[in-house]
Amino acid sequence: MLGAMSSHPAPVFDPELVARYDVNGPRYTSYPTAPEFDARFGEAEYRAAARASNEDPIPRRLSIYVHVPFCFSPCFYCGCARIITRDRGKAEGYLARLHREIELTAPLFDRDRQVVQLHFGGGTPNFLDWRQMAELVESMSRQFTFASDDEREFGIELDPREADANYVAMLARHGFNRLSVGVQDFDPEVQVAVNRVQSVAQTRAVIDAAREHGFRSTSIDLIYGLPRQTPSRFAKTLEEVIAIRPDRIATYGYAHLPERFKAQRQIDAAELPNAAERLALLGLTIRTLTDAGYRYIGMDHFALPSDELARAQEHGTLQRNFQGYSTHGACDMIGLGMTSIGRIGDAYVQNAKDLVGYYAALDAGRLPVARGLVLDTDDRIRGDAIQRIMCDGVIEIGAFEARHQIDFAVYFARELAQLRVLAGDGLIALSPTRIAATARGRLLLRIVAMCFDAYLSRPRELAPGYSKAL
Amino acid sequence: MLDRPYRAKVLTAADASLRVAVANGVPVLRMPDDGDELRFCSTCAFGSVCMPQGVDKAALGELHCLVEHVGPYRAGERIFHAGDRFGAIYAVRGGTVKTSTTDDEGREQVLGFHLPGEMIGLNAIHPAKYPCDAIALDTAYVCRFSFPALATLAMRFPGVQQQLFRLLSADIGKAALLAGDHSADERLAAFLIGLADRYASRGFSRTALRLSMARADIANYLRLAAETVSRVLRRFQDQGLIAVDGRDVTLTDATALRHLARNIVHG
């Protein structure tokens, strides 16, 4: 507890250090990371994991993620699994399968296990019109047991260009209390270059509506490193975002991988900021947001000190999962929809990554499980080390040894050699009792976490595929 | 000192680092030792035959000849089936074994959970058929005592006979545990205290339990609904009586639990 308290110094932006460690690496929304999931893990394994999860003396509560893969138009920077169409009718076929998946999934979990977290992501969840969305949530509330209003955290990502105050009011009526809005950049020239033209007024409208209807938390996503961005223009975006004052702000670094993400081929590489400009944008972002009273949580995330994320970090209860940082770590996570990932006990499970596979399984009455993995003891130990680094910036070695009944220095002899190099570079402070990220190292948490990743040294992982660490 | 009763799952033979950890004095796994020609496994119910004055050394030697180490059984495997002809009683060496019956409509009735050192099959002596299934709840090892041979031995050695009577008597006493009209809180407190005492009597931790049984089994055994088991345990946790982490339960206020259980726990 004491360690966690003292381990969140304001991050210090050291451009030279950040540039030196700008390498490809996982984001550790899971460990092992999704590329390690195995196609031999199928429906039977998922059912077994669900069955076992009901058998704990106090079964974990539930967190549900629903993926809505459709978007009205392509944002050129996007690397998500999504389908571009203006035809809302397309959603009907998908929804029919989603309802089927809910019918097959809900009975696997005992009814006294409350759903405390629900998150809609995409794609664009508000591709579903208010009637479709209402039906979906009502269907889930009939088949799962939703926690009471004050205990639940129900969130949704909204595209403000396609949502209005009425839509937000409908969400509030159906129990939603968290809103996340994509902005990326308010600069008109950048917006044209990435094919996402969205005014400050549109953004404000949905956030104001959310506040009016009792949403407890609002969040805005930004991206730095987009074409035509400059520090002076991005400073203006930051100023406008701070004026809206969302509880959380995420600032993702744009990773240009046009060979992997087709939409990104629309971006003119010549217009992208160079490495030095990217660093300047990042430095500006960190300085501006922390000066405005936001607390740096880790990776790409900032939160106001009053927000639950900041409070959870203070109390050492912050968790990292597929939705980034979360305060609900002790849940089993159910993923619904194409590509969705779940975690049930010690099992990770991922649905079919395309509509064809997703539809075919459900049409045949099967769960659309495509891949997964059951953690072994080593995965659990390393996963815990990575969680602690990503969330607390600290590993208290004594407590860690007691939790896993290992001798840290022996178990992690090889990793400690790597960590000593990072300590030499000033990313961490290393002592026999704790490993703690320094103020400069807080911006490079995943470099520290990577030391504990046993899969990185395997040949397959040398292939490119992960985005840069920043 | 070790704070887990039995954690076979933690150790995999292939994991060299973990073995190093053991060699460095960090206990990862606790298994009863196997005994030898002069000693029984440290947890064995028959171990006390040779105690306290070592009167029955000869009996011990002969007993060893009729003991057969059996297993491992994996979770869900049966050590014997209801209706099987009775030929032996068993002592659990490692893991946990559930005994249960199933009625004509397929409804299961859990009779008990058996920990290392405890006997199963004593209720089969008459009418020479096992009246229940014995099912491993995790990786389980047992000792098989051929009953005809044991009975013959008991006639020759009073120590063996006395121990057998003691075990039978204890087994009959156990059945009375749940007969009364007790609340869910009392039943669960008694269940946890009972397990803790049984583990402690075998030299394991008195406060840190690993529950190998599913909550449905606990509920069935205590005649409660599964959601009641969880609701009461969550309340115990909120009150600071226990701390629950998956299957691991730590008794953080055993005195309060014992007080709750005072009308049930006996012996």
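A: Happy to! Keep in mind that this is a predicted model. The axes of helix α5 (residues 130-143) of chain A and helix α6 (residues 165-173) of chain A come within 10 Å and cross at roughly 10°.

Q: How are α5(A) and α6(A) oriented to each other, roughly parallel or roughly antiparallel?
A: Angles under 35 degrees count as roughly parallel, so α5(A) and α6(A) are roughly parallel to each other.

Q: Which residues make the contact?
A: From α5(A) there are W130(A), M133(A) and A134(A), and α6(A) brings Y167(A), M170(A) and L171(A).

Q: Nice. Switching to the largest nonpolar core, which residues touch the most other members?
A: Those are Y46(A), F120(A), M140(A) and F144(A), in a core of 84 residues. Apart from that core lies another, of 43 residues, with F412(A), L416(A), I435(A) and L456(A) among them.

Q: What does F120(A) touch?
A: Leaving out residues up to four places away in sequence, F120(A) touches several residues, including V66(A), V68(A), M133(A), M140(A) and F176(A). Its other partners include G155(A) and E157(A).

Q: New topic: is V18(A) buried or exposed?
A: V18(A) is buried, because its relative accessible area is 2%, under the 20% cut-off. Its place is in helix α2 (residues 15-20) of chain A.

Q: And how far apart are the C-alpha atoms of V18(A) and G398(A)?
A: They are separated by 30 Å, with the two residues 380 apart along the chain.

Methods
Residues numbered from 1 in each chain as written. Chains lettered and ligands numbered in written order. Predicted model: local features only at pLDDT ≥ 70, side-chain atom pairs only at ≥ 80, totals over all residues. Heavy atoms only, no water. Core = buried A, V, L, I, M, F, W, Y, C linked by side-chain atoms within 4.5 Å. Buried < 20%, exposed > 50% of the residue type's maximum accessible area, 1.4 Å probe, protein only. Contact = heavy atoms within 4.5 Å. Helix = DSSP H or I, 4+ residues; strand = E, 2+ residues; numbered from the N terminus. Axes fitted to C-alpha atoms, helices over the stretch in contact; angles between N-to-C directions. Parallel < 35°, antiparallel > 145°, perpendicular 65-115°, else oblique.
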